[in-house]
Amino acid sequence: MRVLLIGANGYLGRFVADRLLADPAVQLTALGRGDDADVRFDLATGSPGALTRFLDAVHPGVVVNCAGATRGGARELTRHNTVAVATVCEALRRSGCGARLVQIGCSSEYGPSQPGSSTAEDAVPRPGGPYGVSKLAATELVLGSGLDAVVLRIFSPAGPGTPAGSPLGRLAEAMRRAMQSGDGELKLGGLGVQRDFVDVRDVARAVHAASLSAAQGVINIGSGRAVRLRDAATVLARVAGYGGALHELDGPPGPLRPAIGHPRSETDHAAPVAYPYPDGCGSWQQADVRTARDRLGWRPRINLEESLADIWMEAACRI
């Protein structure tokens, strides 16, 4: 099976590449903007015609799109998350390869949900920010393309490679600095949010399964269990061996409230900080993962403690 992987150098793409390369039946070609890609191509600026010519030459049976942007303004997010996917869909329609498309979506497409509920694929999407809007638009393009396609809506990925700027990454970095400085107290804010964390290696397994399946439409990929960030911080402290006190700042996070790992000072109350979960999904998200089980034969295998241990191992190695 020839697989074209777009975005192989990204956070999720690296693990998807590893998973696909471990399958002896897969011939993998990586397409991306980096020098180490097999083929250099920028989806945000490249034409569908140029991509079509490449598809006809390589003739993949599956195209996996892990590319995209998680940060930036609305224009940048639209260019990298929506226009890029429009290019992929149009190129596949023009090409004679007949490849199946596995598109990586995001739980931010759903927006806020009712605390205590599990979000299924038939929920009406109401994204709460430009990132979710740009990803939802991409999903709609894929679903309306007429292609053999599936969209995997990934909830909150965790584990090795977690970006240092993500909530769990910032939490680990704050704890590392506290331990390095011998600080016996760590002030944390914004820990009341609850998210459905899923290990990146389990995400890669889901992508592999989706590549081999005939499933179409949208499929949630998550653990099926919401975890409060406060509880994740406690687990991280245990695996890190941090014996200090975790002091949670009271009240909801806001523009004048310190976020995760904000240094303690007399001027904390005046320091503008970012909301620790700027994904537009409110205080709660939990996936209904029955469709992934039924249509892909997929279940998460790696628990959050193992994911956090890997995040901590990488943070602890930073100088």
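Which residues in α7 meet which residues in α9? Ala232, Val235, Leu236, Arg238, Val239 and Ala240 in α7 meet Leu304, Glu305, Leu308, Ala309 and Trp312 in α9, where contact means heavy atoms within 4.5 Å. This is a predicted model, in which local features need pLDDT of at least 70 and side-chain atom pairs count only at pLDDT 80 or more, whereas totals for chains, interfaces and linings use all residues. Residues are numbered from 1 along each chain as its sequence is written, and side-chain values use heavy atoms, with hydrogens and water left out.

**The sheet**

- An open sheet is formed by 7 strands in the order β3-β2-β1-β4-β5-β6-β11, with parallel pairing; two strands pair if DSSP finds at least two bridges between them, and the elements themselves are DSSP runs numbered from the N terminus, helices being H or I of at least four residues and strands E of at least two.
- The edge strands are β3 and β11 (217-221), each of which pairs on one side only.
- Strand β1 (residues 2-6) runs parallel to strand β2 (residues 27-32) and is joined to it by 5 bridges, with leucine 4 standing opposite threonine 29 in β2.
- On β2 there are also 2 bridges to strand β3 (residues 39-40), again in a parallel arrangement: leucine 31 stands opposite valine 39, and glycine 32 has arginine 40 as its bridge partner.

**Helices against the sheet**

- Together, β1, helix α1 (residues 11-21) and β2 make a right-handed β-α-β unit, right-handed meaning that, with the strands pointing away from the viewer, the path from the first strand over the helix to the second runs clockwise.
- Helix α1 lies across β1, β2, β4 (62-65), β5 (100-106) and β6 (149-154), and runs at about 165° to β1; axes here are lines fitted to C-alpha atoms, for helices over the stretch in contact, and angles run from 0 to 180 degrees between N-to-C directions.
- Helix α2 (residues 48-58) lies across β1, β2, β3 and β4, and its direction is at about 165° to β2.

**Helices against helix α9**

- Helix α7 (residues 229-240) packs against helix α9 (residues 304-316) at an angle of about 60°, with the axes 9 Å apart, and the two are therefore oblique to each other, given that angles under 35 degrees count as roughly parallel, over 145 as roughly antiparallel, 65 to 115 as roughly perpendicular and the rest as oblique.
- The crossing of α7 past α9 is right-handed, a term used if the near helix is turned clockwise from the far one by less than a right angle, anticlockwise being left-handed.
- By class, the contact of α7 with α9 has 9 nonpolar, no polar and 2 charged residues, where Ala, Val, Leu, Ile, Met, Phe, Trp, Tyr, Cys and Pro count as nonpolar, Asp, Glu, Lys and Arg as charged, and the others, Gly among them, as polar.
- The axes of helix α5 (residues 167-181) and α9 come within 9 Å and cross at roughly 50°, which makes α5 oblique to α9.
- In this contact, Leu168, Ala172, Met175, Arg176 and Met179 of α5 meet Leu308, Ile311, Trp312, Ala315 and Ala316 of α9, a set with 9 nonpolar, no polar and 1 charged residues.

**Helices α3 and α4**

- Helix α3 (residues 74-94) and helix α4 (residues 130-143) pack at about 10°, with their axes 9 Å apart, and they are therefore roughly parallel to each other.
- The residues of this contact divide into 11 nonpolar, 4 polar and 1 charged.
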